[in-house]
Structures are given as structure tokens and as C-alpha cells.
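Notebook open, structure loading. I'll jot down what I look up as I go.

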Amino acid sequence: MEYYKFENPLLQEIYNAMVEIDSDNAPALAKKALQNEVDVLQIVDALTKGINTVGDRFEAMECFLPELIIAAGLMNEAMEFLRPELDKRDLSVGASGTIVVANLQGDIHDIGRNIATVMLQASGFVVHDLGHDVKPDLIIDKAVELKADVIGLSSLLTTSLPYAKDTINLLKERGLREKFKVVMGGAAVTPDYCTSIQADGYCKDAAQGIKVISSLISGK
Amino acid sequence: MFNFYEILRRAEEGPYMKENDFDMKLFKTATNLGKEYSLKFDRDVIVTADDKMADAVFEGGMRLAIEMGMLSVSTLRLIQFNEAELRLALKVAPKEMLLGAGKDARTMRARTFGNGHPMTVCGGCPGTPLSEDEFLPVMMSYAKEPLIDIIISGSLTRIEGMDVRTNGPLEIRASRQEMLWVREALERAGRPGMHIYASGESSATELGTLAIANEHYMRTTDSHMIPVLSELKTDNARLSRVMTGYEYPAFTTSLVNPIIGGFAGGPTGAALALAAGIILATAAYAVDMHCLHPIHNKYISVSTKEAMWVDSIVGRAFARNAPLALLADAWTTAGAGTAAILYETAALAIAQESSALNTDSLGATNGVYPNCSGLEARFFAECVHAAFNQKLSPGQANSLVLQLFDKYKDGFENPDYGLPFSQVYDPRKIVPTQTWLDIYHRVKDEVAGMGLNFIT
């Protein structure tokens, strides 16, 4: 696991505050850094590295889902006032892509999707979480509306998997299949199943999902 | 049991709470309780003998249950209980029951340490997707195993070429067909009265339970399952299953599956959430049994050190403080036809038997692939009986489990899913292939060499 070192002590404090989670100081420290004329891109970098370390610690079971969610909230809070600064200077932190995620129709198991959502956000993706038990046509409507690059489908239930096939078939019927990459994850999903329904990617877990989605978007 | 209408009333009129607030409150409360009771997970002590910590898990679980209650996500209302209500529910919960009928009936016990009885062994393939072609022979492979006391079904995923879908009409048909075929498997094995645990595995919703609540399908000597949603939540679909059981007198079992690394935190938080979930399900669902299934947030399997420890400490906690009929799931990463599944099987069997638990069977490949068979269930039962007869101390059991863990630990990252039933058994004769038997004998000899004295 990589713990980062920064030359600027304020950036180190921001990073540490993110990683320690207990403290909710990260946004205040980011604001202080901005007031002290630290480069906004460096501040965003410290925050991003911080949340990535939290993600790594979660993978290693050194911290837990609520802490991951709290860290993502701190990051979002800081970005609220950092984003206008970036815009002013016509800078972009370059969202890696836009994803809509949902649990398939009939499936109410949120936790895996929650983990994936937070980990993807931490990796720089814009993630729209549509929740659980979502019908295929609604998933597609939202992907169109939000100009998504990727549709992420999750299921813990074997009996909800057929709705993934429905989603892909409906994308084809609506002439939208080429617009979106479709990836799947969840305890009931297998690589073979993804292949059988012509999904674009299988995500064994959130960490692999980041790699799969990054690769799909870069090759899109 | 409580008047169930009172539970429904609380689910409609209890205090309002947003789900996110409930989740975060759980984390904070479980974390604080873990610190207050000095709960610690030690990766080298999987089968625990720590009575003080076990008692702390029980008391901490009780306090968590009182503090949190159970959230109905249908109404966002808290079903709350006071301590007296929860302790009364534990007191009046069944301690012993006869499952099944006639000569095939077996006693399920709320186990305690040293009460002279081994666990009740459930065999089957819960959660495993099975086709119409393979369903009957797979279930016969379990029914034919004499050391299996009760049976649990896999899930029928297609009917007449169509997918069974959550909340779809085929959930009804699949659940009914599942029961008919499991009963046929039992009859053909000469054990027609055997208890079918968690009937209706082919349906994820209350449709299945309602569909089979009829002597033609689920007999009153069988049971059905009512899950607690992770963590400490329920909904109208779960409560509808309770309502079904309220008027149809089959046995009932909860399913409590805290996620290790999830909203309750790490292993110690998951142990508290499991204890609290069992207590709340006893009060809210009035179930006869409980299925324990801690889930590792990355590897799913119960054969991880974290999950086996959670089961062990919770088994000890209830055996000492409020014995209940607890059945632990034994889901493995590996599949049939591999040595790895047998190492996982032995570790789980020894850990569960030594922690005063019963078992709710193996779920090979975590229930993802139909790579399962009766042979690994036979091995599970043999390990259980060996551990029981040998009167393994927790320390001896722990030493064996750690040796076995080293044998299969690499499989979490690179699983060996093994082979489907039709490639490890002759599906006409319902006997294992020689190759699969050879692997079984080799691993059994190896485990015997580690110090487990098999009876046969």
C-alpha cells in the first residue's frame, strides 16, 4: 500500500486528513491551502491521492465501507469550492468518464453497488447511482440523459440476471448499443454470463471494475 | 412468540429513520461497543476458546439490538424492542425440535458445549443455479449420503427454456418444481421423511414461499427461510414470509449475513451485527432456527479466517448465554472435483463443530457455478463426526484449521472452480467418478495425517 509524501506541509496535512478519516478537516485544510495560494491542481491531487489510499485500505480491510463513504463525502465537499477555481483558470481535473450504476430489477442488495460507486468516484469517474431494483428501460433512459460512457449493472440474485440480458437487448432494439459500454458485477455474475449476453466487461470486485472500466473508456 | 401484529404495527408506526442514517449509526454504535468490550480479532485464533470475549459479543450484540432495532426499509420505521422483550424472546425460542418425519426425522438442537451431541448436518447446494436436467441427480447425490441429516436444495434457474426471474411468475413454478424433485430425490434414496431446510430456494421473493406453503410441496415438517437484510433491516417482502409462516406451521429459519468490512465494520463489528441480527430475528420473526452467513467483503467465502472467526465467536457466545438452533453456512471458493474444496470443507467442518454450531451445508463456488456434489458433503459430515468423537479442544481444532487454511488460502485470488456435477459424478448411477474419489481419499488421508481421527 502506498502512503504519499508531499513537500508542502499543507498538502501533507490534507492528504493525512483524508487518510485518517476520523478527522473531518480535509475540506477546511483544502480551503486554507487555497487561501494560501497553493496551486489548486496540487490540492486536488492531495485529496485524490488521499481517497485512493482510503480505497486501498478498504481493499486490505484496514478500513470499512462507512469510512469509504465518509472520505468520498469529504472529497465532494472540498470539490464544491475547488471546482469553481478550476473553472476560473479553465483547468479541468479531467473526469475519467461518466457511469450510471444500478442493481438489476428485483435485486435490492445495495452494498456491493455502494462500494463500487464510492471506489469509482474516488478514481475520478462521475458516477450516477440509480439505486436498486431498477428496470432496464429506466437504466437506459438515464444513461442517455446523463450522457454516460458506461452502464454498470450489479446483481446478487441469479433470478435478476435475466434483466441484464433484457437491458442489452433493449439497447440494441433502441439503436443505442454502440453508445454505451456495459459492465457487470455482483455475487451472481460470472465472466461466462457476461460473455453470453455480450456485455463488454466483467468486474470481479470494485478494484477490478476500475481497471475494466478505465480500459473500456480509453479504448472507446 | 410476540403477537406478529404487534411487529407489523411497529413496522408501520415506529420512529422514522433514513436508511443512510441507520447505516452510519450502526457503524458508530458497533465501533464504540467493540472498543468498550475490547473485542479483538486475531488472525491466528480462528476457533476461539475465549469465553470472556464470547460473553462480551453476546452482551454487545444485545446492546446493539436494543440501540438499533430493526429498520423496515419499506416504511423507514424502526421496529424497536426493549431488553426485557429481547431476553424473553431468547428464553422462549425453541431449544430442540424434531425436523422431518418418521424414521428420517432428526433432532435439531440449540447446541451447548459438552452436551453430548454432535451438530445436525445439512447437505445440499444452497444458492447454486441448477438446470432442469441436472437438478434431480444433483439432489439425489446428497440424499444418498447417510451422514447427512437434513437437506437443502439448489435453485432451479430455468423452466421450459425460460429464465426464472425475480418477482416473475416462474418463481412460483420453479419453487414448486424444486420441492417436487427434492422429495422425489428423498424417496428414491429411501429417506422420504427427511427434512427439507430453507424450502423454496428457487425464489428470491415471498412468491416462492407462498407458492409452496402446501403439503403437496413444503410439508409442515420442512422449513422455509426469512432473511434479515444486511445490516439489521427488513422489509414487507421479508415480513410477508413471516406472515406465511404465522399461519402455515412449517418450521422457519432466519438468514443473518453481516458483511465483514461493511456497515458494521470489520470482523468484530460483524460479530456484533451477527449477534444482534440473531437476537432481533428471534424477536421479530419468531423463527425456530438461524442461518449464519458472514460475508467477506472481497472474497465472499465463509472459509476466510475472518468469517470463520465471526461464526466461532458468535457460536460460543450463544452456546454460553442463550442457546439457539444456529446453522452456519459453509460456502467455499473452490468447486467439486478439486482438493481445494475438501481443504475448505474440513476447515469449516472442524471450526463449526468446535464452536457449538450446526451447519447449513456447503455452497461450492459461493453458489455461483453448479460445481457441487454429494461427496464433499460426505467429507464435511465425516470431519464433523471425527472432530466430535475426538473431543477436539478449541486449541486443537484451531491448529487443524490453520493448517488447512494454508492449503487453500491462495485460492481466494485464483479460485479453482472445479467441474460441474456431470463431470464428477456418473449422473445415471449417482456415484462419484474414480478421479473425484481418488482426490477425496488423498485429501482425507492427508487430513488424517494432520491429526483428525476419522471413524471410517
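First, a term I need: a nonpolar core is a set of buried Ala, Val, Leu, Ile, Met, Phe, Trp, Tyr and Cys residues joined through C-beta atoms within 7 Å. Buried means that 20 or more other C-beta atoms lie within 10 Å of the residue's own, exposed means 12 or fewer, and partly exposed is in between, with C-beta atoms placed from the backbone.

Ground rules: this is a predicted model, where local features need pLDDT of at least 70 and side-chain atom pairs count only at pLDDT 80 or more, while totals for chains, interfaces and linings use all residues. Residues are numbered from 1 along each chain as its sequence is written, and chains are lettered from A and ligands numbered from 1 in the order in which they are written.

**Core.** I looked up the largest nonpolar core and got 241 residues. Those with the most contacts inside it are A:Ile14, A:Met18, A:Leu47, B:Val57, B:Ile151, B:Ala275 and B:Ile350. Helix 9 of chain B gives the most to this core, 13 residues; helices here are DSSP runs (H or I, at least four residues), numbered from the N terminus. Domain 1 (9-88) and domain 2 (98-218) of chain A both contribute residues, so the core lies between them. Those bounds come from an automatic or database domain assignment.

**A:Met18.** I then asked what A:Met18 touches, leaving out residues up to four places away in sequence. The list is A:Ala26, A:Leu47, A:Gly50, A:Ile51, A:Val54, A:Ala71 and A:Leu74. Contact means C-beta atoms, placed from the backbone, within 7 Å.

**Domains of chain A.** The centres of domain 1 and domain 2 of chain A, taken over C-alpha atoms, are 27 Å apart. I find 9 residues of domain 1 in contact with 9 residues of domain 2. On the domain 1 side, helix 3 of chain A gives the largest share, 5 residues.

**Helix 3 on helix 9, chain B.** The axes of helix 3 (residues 51-68) and helix 9 (residues 267-284) of chain B come within 8 Å and cross at roughly 65°. Axes are lines fitted to C-alpha atoms over the stretch in contact, with angles from 0 to 180 degrees between N-to-C directions. Residues making this contact include B:Val57 and B:Met62 of helix 3 and B:Ala275 and B:Ile279 of helix 9.

**Chain B on chain A.** How many residues does each chain put into the contact? Chain B gives 25 and chain A gives 18. Helix 2 (residues 19-36) of chain B supplies the largest share of the chain B side, 3 residues.

Technical notes. Two residues are in contact if their C-beta atoms, placed from the backbone, lie within 7 Å. Helices (H or I, at least four residues) and strands (E, at least two) are DSSP runs, numbered from the N terminus.
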